Amino acid sequence: MGLIGSLLQNGARKFIKRKDSDAGETGRALEELRSSLYNEFRTSEGAKKHQQRFCGPIVAMTFNFLVAVGVMGKIGFNFPIFLTLIHYTTAWILLAIFKSLALLPVSPPSKSTPFTSLFCLGVVMSFASGLANASLKHNSIGFYQMAKIAVTPTIVLAEFVLFRKTISYKKVLSLAVVSAGVAVATVTDLQFNIFGACIAIIWIIPSAINKILWSNLQQQANWTALALMWKTTPVTILFLLALMPWLDPPGALLFKWDLHNSSAIFISALLGFLLQWSGALALGATSATSHVVLGQFKTCVILLGGFLIFNSDPGLVSIGGAILALGGMSTYTSLNLQESHENLNSQNQKQALPLSKSKTEAEPPTEDATSSTSTATSNANAV
């Protein structure tokens with residue numbers, strides 16, 4: 001019995017040691033995986049790869065669509081620039097919390113992106129967001145929609161002037177159909193005043209430039225959406241403070257800041273942060289023009305959804321315009337998918353071409369080496 005007990009005890013010790021060694025190897029593997037993921041996330045290139053991996057065009061645009069549909073409702077706060085300032089200040093506080101928790105992606109090196117680019121983006125953001133809310137306050141929804149439709153040709157023209165970027169004739173036709181359909185579907189009234197009309201017209205250019213810069217910096221300079229928001233939000237807040245005395249009416253501090261109104265404004269600020277983040281992700285995954293088409297898609301879906309679900313009556317003309325716009329959007333999306341597929345095939349061909357060249361270049365040395373080897377062998381035999 002003593003012999004059996006000692007054997008069992010030795011076997012148990014070996015089993016425990018083997019389990020300890022297996023657990024140690026598993027722990028080391030997990031630690032190496034965690035450290036590699038952490039190191040990859042702490043570089044701008046790694047963070048950009050993670051954003052592209054988990055947030056492709058479909059995910060980013062769906063996220064932006066759901067948040068934008070959720071951000072509906074009015075809180076009776078008639079100070080548009082101040083409300084925009086609250087939204088961006090809340091976003092900056094949330095980003096600061098992310099940074100303190102080491103959850104904010106690392107920015108690219110300062111040499112890769114000049115400070116002037118980030119400063120210009122922050123300034124353009126303040127005008128684009130602030131003037132949009134001010135235009136909604138002074139103009140009707142129909143006139144605001146007309147201004148939004150004008151953003152599409154402005155983006156096409158600005159990208160051609162700044163980057164010599166052109167689009168195909170078929171895409172131009174599809175965008176024209178989308179714009180015409182949205183105009184028919186949403187422009188039911190054009191009530192405005194001179195001041196509101198000036199704000200809406202001025203807003204068109206910074207809105208277009210804002211989308212172009214967001215898309216270009218993320219796609220060309222390895223910026224992630226959160227990192228770019230962190231760098232540009234302080235500049236946006238500064239210029240919103242400068243815009244408040246000019247565009248906001250007096251009496252913001254006299255607003256009824258009770259628990260209900262304050263909670264509603266705070267919730268709108270949280271939703272505004274999600275809307276800004278999702279919009280930035282969509283711009284980084286697609287393009288400025290596609291982001292505008294997504295916004296018009298949201299408008300048409302809301303209009304048709306109200307008709308189909310809540311029995312609203314926008315009229316046959318508006319419904320026909322929405323259906324026409326959705327048809328143009330489908331054509332534009334199909335053309336984009338076809339173009340991306342062709343670009344992918346051309347890239348694969350370019351990558352395969354150097355490999356074939358290297359193989360063909362490697363063959364002559366092999367033949368020379370073979371002939372030299374045979375010559376050396378014959379010489380050796382002759383000797």
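1. Helix α5 passes helix α9 in a right-handed crossing, meaning that the near helix is turned clockwise from the far one by less than a right angle. Helices here are DSSP runs (H or I, at least four residues), numbered from the N terminus. This is a predicted model: local features need pLDDT of at least 70, side-chain atom pairs count only at pLDDT 80 or more, and totals for chains, interfaces and linings use all residues. Residues are numbered from 1 along each chain as its sequence is written, and side-chain values use heavy atoms, without hydrogens and water.

2. The axes of α5 and α9 come within 7 Å and cross at roughly 50°. Axes are lines fitted to C-alpha atoms over the stretch in contact, with angles from 0 to 180 degrees between N-to-C directions.

3. On the α5 side, the contact (heavy atoms within 4.5 Å) includes Leu121, Met125 and Phe127. Among the α9 residues are Leu228, Thr232 and Phe239.

4. Helix α5 (residues 115-138) also packs with α8 (residues 194-220), at about 145° with axes 7 Å apart.

5. The largest nonpolar core has 55 residues. Such a core joins buried (under 20% relative accessible area, 1.4 Å probe, protein chains only) Ala, Val, Leu, Ile, Met, Phe, Trp, Tyr and Cys residues through side-chain atoms within 4.5 Å. Phe82, Trp203 and Trp214 have the most contacts inside it. Helix α9 gives the most to this core, 11 residues.

Technical notes
Helices (H or I, at least four residues) and strands (E, at least two) are DSSP runs, numbered from the N terminus. Buried means under 20% relative accessible area, exposed over 50%, partly exposed in between (1.4 Å probe, protein chains only).
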